[in-house]
Amino acid sequence: MANEVRQTMTHFWEEHSRDATVEEMMLDSSAALLSKEEKPEIISLLPCLVGLTVLELGAGIGRYTGHLAKLASHVTAVDFMQNFIEKNRDDNGYRGNITFLQADVTLLDLPNGTFDFIFSNWLFMYLTDEELAALIQKMLGWLRPGGYLFFRESCFFQSGDCERTFNPTLYRTPAQYNHLLTSVTSKSGHNGFEIVMSKSVQTYIKIKKNQNQVCWMLQKVPREANGHQGYTTFQQFLDNQQYSRKGILRYEKIFGDGFVSTGGLETTKEFIAMLNLVPGQRVIDVGCGIGGGDFYMAKTYGVDVLGMDLSSNMVEIAMERAVMEKIPQVQFEIGDATRRIFPDASFDVVYSRDTILHINDKGALFRKFYSWLKPGGKLLITDYCCGERPWSTVFEEYVKQRGYVLYTPEEYGQFLQKVGFVRVQALDRTEQFVQVLKKELVRTQEIKQEFLESFSEEDYNYIIEGWKEKLHRCSLGDQRWGLFLAEKPLDIIS
Ligand code: SAH
Ligand code: SAH
């Protein structure tokens, strides 16, 4: 069986590599146009390649090989079709830092710990689950610790949804890719892949109205000794614990449509007004949840928004809502704020609501925000905070069970100052928090019948009790809420 698949695949590519043209290889008659548009987009998503040792799998005629080799110190370009390899060598061989390797990736053996970056565009969909699982395991070995894997595939979201239905492509849903990646790596001892980013290729959405082109960036990192409260990755912890699909929709019922944070649209309107947004500005929403704030910002102020969240359940719901909202200025992606890479000065505004409580190293995160912002760019954060220690036992237990990392508003402000932000305002908004909680509680009690149409009595009680407990912890002085505003200086003296 396995051999049969290999033979079919090999035969298929022999048939499609006769002329070694871009149309033939991309299996698309409008390949040249698509390629021109998508290449810069794909390239913009890659980490800085300068000086890196790169492995490119399924390189084809070398659409990406030239770019990789221009920046990297060395590229090993692998493909199993001789005609493609030859065309790639003809076009890019003059660079002198490329090793061309004709090999089937399922049979490839390379020394461990030798590559900083593995790049692969449209290869995994020509491998079976077993072949891909074995390859992921091998790639984890080939990379140096901290190294990155980038790949892009044609996916499908629902059956019957795919555009290229020829055999022998093996279409998977993004979730199936995620599952393969985590199930493989969790078995592999001290290192594993953690997600950095995953998103649809925007060029295909724009030109072909096709969301099914999806790319991933993963990083090889040491596994946490005890995992994340029993989950292998932090993403799995979020998706299965606090932010299951039901958990999210249940929260939305009390926070209001589109929101999973204090005050919903009401606080969102108040705080966003402080940013003096101007049409065309670029905003990143870190931990965007299901995107209510992003649609509001884009609609009201004409800004371009990138909503980023590590929870795949959150992003999935946000994307469902995006289909209904039809606002092209809003994009969503799965992204880990602690690992995501953007070029310096990519955004006018960094916005984040009740998210950073999940993140351990605030200093490192704020350094990233600082670099992502343009000079003069603005930062607005709301977040759960705490009072001075020692805390009550109920608060200790709550924070531990949620895995939150909390500071007092004053400490929080100091983190921002240390990183170089100016005009830092660290405001204790606990009083507002309490007023909002009370309102949310009353409103939810008023809509109990409606709540029970979608959820159980137990869900209802969970929310009501949760809100009462929050109020109690605030009254003890333990739970606090902060609003933080800051700017990146216009003139940076280095
Ligand atoms: N990455 C290139 C080519 C994509 S087409 C680009 O984006 O332009 C898919 C490529 O994968 C083809 O060149 C095909 O020959 C190669 N390929 C498919 N299965 C392979 C395998 N098992 N081993 C090596 N190369 C493979
Ligand atoms: N800001 C949204 C959602 C708040 S809930 C709103 O106001 O409605 C907190 C969110 O933070 C969750 O969606 C969670 O998945 C996300 N999150 C937690 N850790 C993250 C990380 N490292 N990177 C990106 N998002 C993260």
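Ala, Val, Leu, Ile, Met, Phe, Trp, Tyr, Cys and Pro are counted here as nonpolar, Asp, Glu, Lys and Arg as charged, and the others, Gly among them, as polar. With these classes in hand, the residues of the shell around ligand 1 in this predicted model divide into 13 nonpolar, three polar and four charged.

That shell consists of 20 residues, and the closest of them are Gly 58, Arg 63, Asp 79, Asp 104 and Asn 121.

Turning to ligand 2, the reader finds 21 residues around it, of which Val 260, Ser 261, Gly 287, Asp 309 and Ala 337 come nearest. By class, this shell has ten nonpolar, seven polar and four charged residues. A polar backbone atom of Val 260 is 2.7 Å from an oxygen atom of ligand 2, while a backbone N or O atom of Gly 287 lies 2.6 Å from a nitrogen atom of the ligand. A side chain contributes too, with an N or O atom of Asp 336 at 3.0 Å from a nitrogen atom of ligand 2. Taken alone, ligand 2 exposes 570 Å², of which the protein buries 98%.

Away from the ligands, the aromatic rings deserve a look. With ring centres within 6.5 Å taken as the cut-off for a pair, the count comes to 36 aromatic pairs. One of them joins Phe 119 and Phe 150, whose rings are stacked, at 5.6 Å centre to centre and with 5° between the planes. This pair links distant parts of the chain, 31 residues apart, with Phe 119 in strand β4 (residues 115–121) and Phe 150 in strand β5 (residues 143–154).

Two details of the backbone complete the tour. Most residues other than glycine have a negative phi, and most peptide bonds are trans. Ala 20, in the loop between α1 (2–15) and α2 (22–26), has a positive phi near 50°. Pro 390, in the loop between β12 (373–386) and α15 (393–402), is joined to Arg 389 by a cis peptide bond with omega at about 0°.

How values were computed:
Residues are numbered from 1 along each chain as its sequence is written. Chains are lettered from A and ligands numbered from 1 in the order in which they are written. This is a predicted model: local features need pLDDT of at least 70, side-chain atom pairs count only at pLDDT 80 or more; totals for chains, interfaces and linings use all residues. Side-chain values use heavy atoms; hydrogens and water are left out. A residue is near a molecule or strand if one of its heavy atoms lies within 4 Å of it. Rings of Phe, Tyr and Trp (its six-membered ring) pair if their centres lie within 6.5 Å; planes under 30 degrees apart count as stacked, over 60 as edge-to-face and the rest as tilted. Helices (H or I, at least four residues) and strands (E, at least two) are DSSP runs, numbered from the N terminus. A polar contact is a pair of N or O atoms within 3.5 Å; within protein, one must be able to donate a hydrogen and the other to accept it, and residues adjacent in sequence count only if both atoms are side-chain atoms. Accessible areas come from the Shrake-Rupley method with a 1.4 Å probe; for residues, only the protein chains shown count as cover.
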